[in-house]
Amino acid sequence: MFERSLDREEDTMRHYDVVVVGGGPAGVVAATQAGRAGARTLLVEKDSRLGGVTINAGINVPGLFHAWGRQIIAGIGWELVERTVRESGAQMPDFSDPEANFVMHQPLVDPMIYSHLCDNFVLDSGCELLLHTMIAEISQIQDSWTLRLCGKGGMETISTRQLVDCTGDANMVFIAGYKVHVHEETQPATLDCDLAGYDLDSIDIQKIDLEFQQAIERGEISASDGCWNVDNPRVDFLRKNGRNANHVISVNARDSVGRTQAEIEGRRSVYRMVRFLRQQPGLEDVYVARISAEVGIRETVTIEGKGAVTLDDYKTGRLWDDAVCYSFYPIDLHGVDSSSWFFESMEYGKVGSIPRRALLPRDSRNLLVAGRCFASDRWANSAGRVQASCMAMGQSAGALAALAAQDRSDPEEVNMDQLKRLLKQHGAIVPEVSFRFNA
C-alpha cells in the first residue's frame with residue numbers, strides 16, 4: 001500500500017523514509033511495522049543484538065497483553081512473543097482468569113529464540129539493519145533529518161523523512177534540541193542474574209538473614225544489594241536465586257557517564273552479595289551461573305510532548321480522542337527501598353490508553369517517540385514503561401511514520417482513521433469506544 005516517496009540521488013548519501021533508533025521492544029516493532037507498510041526503513045541499534053531489556057537485561061517476561069480476561073495488545077509485538085513461545089515449546093499463561101495475580105499473565109520468552117526472531121521480523125519486513133552503531137549528530141533542514149552515524153568503520157551521513165526515537169531515554173529528542181523532563185529521583189535499576197551451587201532447603205536461612213543485617217551494619221554490604229526492605233532486611237537475593245533481586249540506586253542512565261556508573265555499581269553489588277554468601281555455612285560453593293549483559297533501567301527521562309498521560313488519566317482508563325494503543329500494568333514506582341515503593345493495582349475493568357500526542361515531542365516535526373520515555377508523569381510512566389505497552393507504542397509510531405512519509409506530512413497530521421486501518425491491517429488492537437470491559 002506504500003509507494004516509494006524518495007528518488008535515489010546520484011551521491012553517496014543513503015536516504016530513507018523512516019529511521020528508527022533503538023532495537024528494543026518498541027524499536028523492533030516500529031521498524032517492522034514501517035517496513036511492512038512499504039516504507040524504506042533503517043533500524044539503528046547500539047548493541048550486538050536486537051531485543052533490548054528482554055535480552056540484555058534478562059527481563060524476558062514482556063508484560064501484559066491481556067486485561068480482565070480480554071486481549072488488549074496484539075499486532076506485531078504479540079506475533080513476536082507468541083511465535084517465540086510456540087517455537088520454544090513452552091506454553092502461554094491461562095489468560096481466562098481476570099482476577100489472577102498479574103504476574104501469572106506474563107508470557108515467558110526464550111532469549112535465544114526471541115533475539116533470532118527479532119532479526120527475522122525486521123529483515124523480512126524489508127528493513128535495513130545496522131548493529132554496533134550510534135547516532136553522533138542530528139540536524140533538520142525543512143522536513144528532512146540528516147543523521148551522522150558512528151559505526152565501527154567510522155562516520156557516515158544519512159537522511160530520512162521521519163525519525164523514530166526508540167532509545168528509551170529520548171536520546172534523539174535530546175540531541176535534536178527538544179525538551180525532556182529529568183526528575184530529581186529516578187527508580188533504581190536492577191542487575192539480573194541466576195545464582196546456583198546451593199540447596200535452599202538445607203541451609204539456615206534465618207541465621208543468614210541475621211548475618212546479612214550485621215554485615216549491613218558493619219558497612220560490608222548494602223541492604224539494596226540483596227533485598228528491597230531496609231527496615232527488615234532478608235536475603236531475598238538468595239531466596240530468588242538472584243532474579244530481579246537487587247536495587248542499584250541513585251542512577252542516571254540517560255547518558256553514557258551515568259550509564260557507566262550504573263553498570264559498574266550493578267556488578268559491584270552482585271560481587272558483594274556473592275562474597276558475603278560464600279562466607280555462610282552451606283553456601284561455600286555458591287556462584288553466578290548467568291549474569292545479564294547490562295542493568296535493567298526502569299526510568300530515565302520523559303519527553304515534553306504535545307500532550308501527556310497523568311496518573312488520573314491512566315487509572316481511570318481515559319480513552320483519548322487520538323488514542324493509538326492500550327496499556328495495562330499496575331502503577332509500579334520503585335523507590336530506594338520497600339518503604340518508598342508505590343504500587344497500586346488497576347481498578348477492576350479499567351484499562352489505560354496512550355494518545356498520539358504523547359508520542360510527539362513538543363514543537364517538533366517528523367519526529368516520534370515510542371517506549372518508556374513517552375510523555376507522562378512518573379506514576380503513569382511506571383505502568384506504561386513495560387515491554388508490551390512499548391511494543392504497542394512502537395507499532396503505532398512505525399505506522400504513523402510510514403504514513404507521514406508517504407504523504408510528505410507530519411505524524412500529527414496523519415488522519416486517525418487511516419492510521420487505525422493500517423494498524424488493524426497488521427493485527428493491532430486499536431482503542432475504541434465500543435471496546436469495554438465488565439466492571
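Helices (H or I, at least four residues) and strands (E, at least two) are DSSP runs, numbered from the N terminus. The model is a predicted one, in which local features need pLDDT of at least 70, side-chain atom pairs count only at pLDDT 80 or more, and totals for chains, interfaces and linings use all residues. Residues are numbered from 1 along each chain as its sequence is written, and side-chain values use heavy atoms, with hydrogens and water left out.

- Two packed helices are described by the angle between their axes and the distance between the axes.
- Axes are lines fitted to C-alpha atoms, for helices over the stretch in contact, and angles run from 0 to 180 degrees between N-to-C directions.
- Helix α1 (residues 25–36) packs with helix α12 (residues 387–407) at an angle of about 30°, and their axes are 7 Å apart.
- Helices α1 and α12 are therefore roughly parallel to each other; angles under 35 degrees count as roughly parallel, over 145 as roughly antiparallel, 65 to 115 as roughly perpendicular and the rest as oblique.
- The crossing in which α1 passes α12 is right-handed; a crossing is left-handed if the near helix is turned anticlockwise from the far one by less than a right angle, and right-handed if clockwise.
- On the α1 side this contact is made by P25, A26, V29, A30, Q33 and A34, and on the α12 side by Q387, C390, M391, G394, Q395, G398, A399 and A402; contact means heavy atoms within 4.5 Å.
- The residues of the contact of α1 with α12 comprise nine nonpolar, five polar and no charged. Here Ala, Val, Leu, Ile, Met, Phe, Trp, Tyr, Cys and Pro count as nonpolar, Asp, Glu, Lys and Arg as charged, and the others, Gly among them, as polar.
- Helix α1 also packs with helix α3 (residues 75–87), at an angle of about 115° and with the axes 9 Å apart.
- That angle makes α1 roughly perpendicular to α3.
- The crossing in which α1 passes α3 is right-handed.
- Residues V28, V29, T32, Q33 and R36 of α1 make this contact with I76, G77, E79 and L80 of α3.
- The residues of the contact of α1 with α3 divide into four nonpolar, three polar and two charged.

**G77 in helix α3**

- G77 has its place in helix α3.
- With a relative accessible area of 1%, G77 is buried; buried means under 20% relative accessible area, exposed over 50%, partly exposed in between (1.4 Å probe, protein chains only).
- Leaving aside neighbours within four places in sequence, G77 is in contact with V29, F65, M391 and Q395.
- The C-alpha atoms of G77 and L131 are separated by 20 Å, the two residues being 54 residues apart along the chain.

**Strand pairing**

- Strand β8 (residues 154–165) pairs with strand β1 (residues 14–21) in the parallel sense over seven bridges; two strands pair if DSSP finds at least two bridges between them.
- The bridge partner of V18 in β8 is Q162.
- Strand β7 (residues 144–151) runs antiparallel to β8 and is joined to it by seven bridges, and C150 has M155 in β8 as its bridge partner.
- Strands β7 and β8 form a hairpin with two residues between them.
- Strand β8 also pairs with strand β17 (residues 367–369), in the parallel sense over three bridges, and the bridge partner of D165 in β17 is V369.
- Strand β13 (residues 323–327) is mostly covered, five of its five residues being buried.
- Strand β13 pairs with strand β16 (residues 352–355) in the antiparallel sense over four bridges, and C325 stands opposite I354 in β16.

**Buried polar and charged positions**

- S115 has its place in helix α4 (residues 111–124) and is buried, with a relative accessible area of 10%.
- Apart from neighbours within four places in sequence, S115 is in contact with R49, L50 and I55.
- D332 lies in strand β14 (residues 331–333) and is buried, with a relative accessible area of 6%.
- Apart from neighbours within four places in sequence, D332 is in contact with Q187, W341, F342, F343, S382 and R385.

**Positive phi in loops**

- A170, a residue other than glycine, has a positive phi near 55°.
- A170 is found in the loop between β8 and α5 (171–175) and is buried, with a relative accessible area of 0%.
- D363 is not a glycine, yet its phi is positive at about 70°.
- D363 lies in the loop between β16 and β17 and counts as exposed, at 68% relative accessibility.
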